[in-house]
Structure formats: C-alpha cells, structure tokens
Amino acid sequence: MTLDDWLERLAPGPLPVFSHTRQALWEERHRTDSITAREIAQTVMADPLAALDLIHAANRRGGRGGGEVVTLEGALLMLGISRYFEAAADLPALEESQFGHDPKRMAALHRLTRRVHHAAWQARDFAALHSDVRAEEVQLAAVLHAAPEFLLLLRAPRQAQELARLRGRLPEAEAEHQALGVTLEQLRLPLLERWHVAELSRDLLDPALAEKSRQTLLGASLDIAEHAQRGWWDETLLGDYLALAGVDNLPLESVVATVHANAMRAERAAEWIAWPGAGVWVPMLPGPWPEEIEEEEAAAPVRKAPPSEPEPHYAAARPARADRLEAAVTPVSPAPRAEESHEVCPMPDKQVLREVLDNIASHLDSSLNLNQMSAIILKGLHTGLGLTRILFALATPDGTQMKSRFTYG
C-alpha cells in the first residue's frame with residue numbers, strides 16, 4: 001500500500017478506549033465541581049487512544065484565537081470539562097468490543113500501551129530536569145508517537161501482525177517497509193496532521209529537528225522505552241543515557257539512576273495495564289544467560305511469551321504476573337562466580353578495542369553526532385581498555401576552565 005492508501009485507511013474516526021479509562025472518567029465526573037483539568041488530563045494521558053481522541057476533537061474545533069491546542073489540559077479547557085465528561089460517557093470500551101474477544105490483539109495493545117506510558121514518563125521527567133516549563137508538551141508527543149501503531153492494530157490487524165513477526169528478523173525500517181509498503185517514520189507526521197495534531201507536537205517528532213534539545217530528550221526517552229522492554233543490558237541504551245546527560249548536564253550515573261527510578265514509578269502508576277513493563281526488569285544483574293530449555297525437558301511449567309515475542313532469558317527470574325511488581329523488584333543475589341579476579345578493574349578486551357577503533361575510523365565523515373560517537377568511545381575505554389573511571393570534559397569558551405560533560409564510574 002502507498003502512503004496515501006494508509007492515510008485514507010487510518011483517517012480520523014471514532015476510537016475506543018480502555019475500560020479502565022472510561023471507568024475512571026465516570027468516577028471523576030461525579031467531582032465536576034472540585035476536579036481540575038490537570039487531574040483529568042493525567043487520566044487521559046495514560047490511555048494513548050483517549051489522548052489522541054481528545055486532541056483531535058479540540059483541534060478540529062480550533063483553538064482559541066485560531067491557535068492549536070498542544071496539551072490535554074488545554075484541550076479540556078477549550079472543550080469544557082462538563083461537555084467532555086458527557087462525550088466520554090459514550091466512548092466505546094476496547095474490552096467490550098470485538099477486540100475484547102481476541103486475546104492476541106488485546107495483549108498487543110496492552111504491550112504497546114505499557115511501552116508508551118514508560119516513554120511518556122521518562123520524557124516528562126527529563127524535560128522537567130531541563131527546566132522545561134512546558135514539559136507536558138514533550139510528554140504528549142511521546143504518547144502521540146505511537147499513534148500509527150495503535151491505529152494499525154485497530155484497523156489493519158493483519159498487517160500489524162506481519163510487522164510484529166518481521167521485526168524479530170529484520171532491521172526496523174526494512175520490516176516496516178516489507179509489511180506496510182512504507183515506514184512508520186514516513187507515515188507518522190502526515191497521519192498526525194490528518195488527525196489535527198498541532199504543528200508544535202509534530203515538530204517534536206520530526207527527525208529533521210532531532211538535534212534540538214527537546215527533540216533529543218524525547219528521542220532518548222522513546223528509545224529507552226523501546227530497548228528496555230526485554231532488559232536493561234542493551235548496549236544501545238548507553239547512547240540514550242549520554243544524550244540525556246549531555247542535554248540535562250548530569251553525570252551519567254545520575255541519568256541511569258533517574259531512568260531506572262522513572263521506570264519503577266511508571267510501572268506502579270499504571271497497574272491496570274496487563275503487561276509487564278521495563279520496571280519489572282530493573283533488578284537484573286549482568287551475567288551469562290541460561291541455556292535454552294526444551295519444553296518437554298522442563299521440570300516445571302514455563303510461562304510462554306505471546307506469539308511473535310520470543311521468551312528472553314534473564315539472569316533474574318521473570319515474574320509470573322505483571323501485577324507481582326513487589327516480588328519482581330526484590331534484589332536477587334547473584335550466584336558465586338568461579339573466577340573472582342578483575343572484579344573491580346576488568347581486563348582489557350583487545351577484540352572490543354579493535355572493533356571500536358574500526359567503528360570510529362569508519363565514521364570520521366561526521367555521519368554520527370557527538371552523543372553517538374561518545375557512546376562508541378566510552379565503550380572502547382571501558383570494555384576495550386578496562387577503564388572504570390572516565391571523564392569527558394570540555395574547555396570553556398574563555399579557555400580558563402574545564403567543564404565536565406560525561407562521567408563514568
């Protein structure tokens with residue numbers, strides 16, 4: 001299908017919401033005299049479908065003075081809280097529709113919602129750390145980023161299922177192009193424009209503006225939520241941490257601690273989402289993964305991941321249920337190692353060092369930005385040379401001081 005075909009198929013129209021959202025709005029309706037637009041916006045923000053529906057409704061009518069609405073709180077004030085509650089009472093619930101009878105599609109919707117919720121939490125917090133007084137705009141952009149994926153699950157389930165299958169075998173863009181005929185990056189901005197999403201929100205998601213501070217924070221938050229879904233030892237996370245450290249001027253250790261804390265808070269703030277999020281995997285420790293266990297040889301039943309989601313093997317045990325968060329975050333003592341040498345100062349890895357040097361040499365054409373190149377260099381210093389304390393510093397413009405940019409250890 002072409003881009004125009006997809007824009008037509010995913011065009012604005014009625015959207016269902018999760019039953020939890022509809023119930024929460026019903027309860028808040030009885031507090032119309034005391035509840036604030038900010039409180040209602042927080043409820044809507046947790047449901048990406050409800051957020052897209054609200055922003056579309058507000059901007060379709062047109063903001064005050066002809067301006068566009070860029071926050072959910074502004075959308076509620078523009079529409080009127082009482083009027084929104086009346087409309088919300090008629091919102092169809094996913095669980096009561098045809099989707100509620102398809103466990104695979106509901107699982108996919110919950111999984112995507114969990115990832116989006118995590119990304120939005122990271123984006124808002126790091127935007128606030130950057131002294132962004134309009135941090136909710138960045139948070140909403142993180143939610144709207146997944147609009148094409150939600151609409152595909154609702155209106156093109158066959159293609160969405162094919163995309164999920166191909167993502168485990170091919171690079172992201174190649175999988176999207178093979179399943180859809182276009183990439184999600186090509187589809188996202190035109191689709192959001194069709195849904196009357198404000199230009200400011202679309203600019204935050206524009207790859208051409210990725211070097212700006214707000215876009216950098218948002219991009220790193222989206223990447224973290226994506227890469228941490230199966231654990232926190234994905235090497236690509238380092239580049240995201242460095243990006244956040246550079247924009248917010250924070251030590252790398254502080255960024256990592258904040259990211260982990262945000263993942264935990266996001267997990268606890270939305271227990272109704274029936275899928276475990278990245279907060280569940282925070283206590284995992286580094287180490288060798290266990291060998292693959294054949295089903296017929298297992299001594300006890302093993303919880304299977306949904307189809308198209310191969311079961312990852314972690315050093316820490318995976319909880320049996322998504323709502324067993326307290327058990328999941330209990331620190332796990334690692335098994336004693338046979339070799340305890342070089343525990344504090346790792347031995348240099350010459351092979352990694354050679355790979356890093358080759359990687360640097362192949363990108364001397366400025367094809368990588370500062371954060372990406374810094375991540376490669378940091379890997380070479382830490383793993384390749386065995387350094388455990390690293391400091392990147394830059395001279396101030398007047399040449400009188402050195403200012404720390406990235407630190408490790």
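**Cores and helix packing in a predicted model**

The largest nonpolar core has 80 residues, and Ile 40, Val 44, Leu 72 and Leu 218 have the most contacts inside it. This is a predicted model, where local features need pLDDT of at least 70, side-chain atom pairs count only at pLDDT 80 or more, and totals for chains, interfaces and linings use all residues. Residues are numbered from 1 along each chain as its sequence is written, and side-chain values use heavy atoms, with hydrogens and water left out.

Me: What makes a set of residues a nonpolar core?
Reply: The members are buried Ala, Val, Leu, Ile, Met, Phe, Trp, Tyr and Cys residues joined through side-chain atoms within 4.5 Å. Another core, of 24 residues, lies apart from the largest one and includes Ala 220, Val 247, Ala 278 and Ile 390.

Me: What is Ile 40 in contact with, leaving aside neighbours within four places in sequence?
Reply: Contact means heavy atoms within 4.5 Å. On that basis Ile 40 is in contact with Leu 25, Glu 28, Ile 35, Leu 76, Ile 81, Tyr 84 and Phe 85.

Me: Why are α8 and α14 called oblique to each other?
Reply: Helix α8 (residues 135–144) and α14 pack at an angle of about 45°, with their axes 10 Å apart. Angles under 35 degrees count as roughly parallel, over 145 as roughly antiparallel, 65 to 115 as roughly perpendicular and the rest as oblique. So the pair is oblique.

Me: Which residues of α8 and α14 meet?
Reply: Glu 137, Val 138, Ala 141 and Ala 142 in α8 meet Arg 214, Leu 218 and Leu 222 in α14. By class, that contact has five nonpolar, no polar and two charged residues.

Me: How does α14 pack with α7?
Reply: Helix α7 (residues 103–129) and helix α14 (residues 213–227) pack at an angle of about 145°, their axes 8 Å apart. Among the residues making this contact are His 118 and Phe 126 of α7, and Leu 218 and Leu 222 of α14. Nine nonpolar, three polar and two charged residues take part.

Me: Why is Leu 353 called partly exposed?
Reply: Its relative accessible area is 23%. Buried means under 20%, exposed over 50% and partly exposed in between, using a 1.4 Å probe and protein chains only. Leu 353 is therefore partly exposed.

Me: Where is Leu 353 found, and what does Leu 353 touch?
Reply: Leu 353 is found in helix α18 (residues 350–361). Not counting residues up to four places away in sequence, Leu 353 touches Gly 380, Gly 384 and Leu 385. The C-alpha atoms of Leu 353 and Gly 384 are separated by 4.2 Å, though the two residues are 31 residues apart along the chain.

Methods. Axes fitted to C-alpha atoms, helices over the stretch in contact; angles between N-to-C directions. Helix = DSSP H or I, 4+ residues; strand = E, 2+ residues; numbered from the N terminus. Nonpolar A, V, L, I, M, F, W, Y, C, P; charged D, E, K, R; others polar.
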